Amino acid sequence: MNQRRPRRAAPRPPEGTPARSELARMARSVLADAARVARWADTALGPGRGSATADGKATLSDATADQAAGELGLTAVEVRNDWDTARLAGLIEVHGDSARPGWRLRAWNRDDSAVLRGWVALFDAWSLAHPEPAGQEPAAVAEVISAMPQVLSFLQLSAGPVPVAQLLDLLEQRVTELRTERCEVPYGPRLESGTPQPPLAAPLPDAVSDTPLAPLLDWALHAIASVGALTCGDGHATLTPLGSWAVWVKLEQICVAAQSPAGNIEQSAEDMLRGCAQLRPNAARAEYRAWLAARPVGSAVAELLGGARGEDALLRGLAFDALRVVGAPAEPDVRAVLDEPTLRPYALLWLAEHDGADPEDAHEVLTRQEATWLWVDTAAAVADHGEAPLLVRHLESAVQPTVPALLDEVRAVGHPRTVQVLVALAAAHPDPALAKAVRRAAFQVHTGGS
């Protein structure tokens, strides 16, 4: 029996935090240049009016950058920077070679929440907004990105200027902890004495362990400053009111997740998704936000996609629900899995919704074969985790007009769980004649017959 937990009172931000309307004004100021380029793109690059990109991957073409620079009185470099910022903040959405305004731009002047969400999306993607200097060791960069949430939390709790030297000490400690956490202690019986013991973990390459962290901390602080979350000067770093509020929000999300029935903030993506499987949509999204707040965006997206590649179809759907919470920063990774048959239908739906399609109409981007494959995959999730009546109702969601047509196309689509799905559907359906036809189809798929 599920017991309702008492509703947690809405926490109040720390004393001195500006009102939400003032925070939104600050966010509008930070994103003013990006919003200007987004509005220009809305006017100049709508369907049939101009080509935004040259490669279909949201990279602004040279001709378009030069056109915008001339009309806005900017340099092409400034236009590209503002374009990238607008994309990260969800002010611009690129579909094919055309750009369209994001919903946040439409609500820019009237919805403070939309503005703040756009700025937080940019804040979460600070390492993309201001890439690391060339020549840095990628593994060391990844460690610094993973450690920065703790550095930002310390800045938020300090509520004032903090010497960069002190932040460097904290960063070095956190990176050391991350390296220690990666060491796996073997469990089970020990090998006999005299037998060589396997190493606990592969040693770090010298290029990583010898990388000085001071330049990377300097990069990280200036990158976070570039999105309006902190200021640097005179050897000190200070969170802006906007940055302090954002870090506080994320800390609160972590606290909520730790107190929730499925509190799994420290779990892997797969375990976190399993923990959210029985939650209602709003509660699940709160868990996703808390889990994401504790991790760098890039590694979180990669981990979610890794969970989606597993055999559990339920986790596949939940992983893409979590990626909807991520928003624009996840787009390149989602687009990159379009060639993977298992993930392609989910990725196409995600991209369609990201590009502004109504969720109820997003399925129109799927081919008949892709829709059928997704129907089988969803049925597999229901068969594994749901109840028989739900599986019967799922039959009504098929795009095929008749059951025989559905069975023909299901057999042809080649989903690895086809037999199990058909057997479960036959066992659940109350109509003996239909159940018999479904069992026959399952047998034909199993034996390779027709």
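Good morning. Both F320 and Y346 are buried, where buried means under 20% relative accessible area, exposed over 50% and partly exposed in between, with a 1.4 Å probe and protein chains only.

The structure is a predicted model, in which local features need pLDDT of at least 70 and side-chain atom pairs count only at pLDDT 80 or more, while totals for chains, interfaces and linings use all residues. Residues are numbered from 1 along each chain as its sequence is written, and side-chain values use heavy atoms, leaving out hydrogens and water.

Let me begin with the chain as a whole. The protein chain holds 23 helices and five strands; these are DSSP runs numbered from the N terminus, helices being H or I of at least four residues and strands E of at least two. Of its 450 residues, 44% count as buried. Among contacts (heavy atoms within 4.5 Å) with a separation of 6 or more, 64% join residues 24 or more positions apart.

I turn now to the aromatic pairs. Rings of Phe, Tyr and Trp, the last by its six-membered ring, pair if their centres lie within 6.5 Å; planes under 30 degrees apart count as stacked, over 60 as edge-to-face and the rest as tilted. By this rule there are three aromatic pairs. In one of them, the ring centres of W126 and W219 are 5.3 Å apart with planes at 50°, so the pair is tilted. W126 belongs to helix α7 (residues 126–129) and W219 to helix α11 (residues 214–226), 93 residues apart, so to speak of this pair is to speak of distant parts of the chain. Both W126 and W219 are buried. For F320 and Y346, the ring centres lie 5.6 Å apart and the planes stand at 25°, so this pair is stacked. F320 sits in helix α16 (residues 313–326) and Y346 in helix α18 (residues 344–354), 26 residues apart.

Finally, the sheet. Strands of a sheet pair through backbone hydrogen bonds, either parallel or antiparallel. Here, three strands form an open sheet in the order β3-β5-β4, with antiparallel pairing; two strands pair if DSSP finds at least two bridges between them. β3 (162–163) and β4 stand at the edges with a single partner strand each, so one side of each has no neighbour in the sheet. Helix α8 (residues 138–158) packs on the sheet and touches β3, β4 and β5. The direction of α8 makes about 80° with that of β5, where axes are lines fitted to C-alpha atoms, for helices over the stretch in contact, and angles run from 0 to 180 degrees between N-to-C directions.

Strands β4 (residues 230–233) and β5 (residues 236–239) pair over four bridges. L230 has L239 as its bridge partner, and T231 stands opposite T238. In the hairpin, with two residues between the strands, D234 takes a positive phi near 55°. Thank you.
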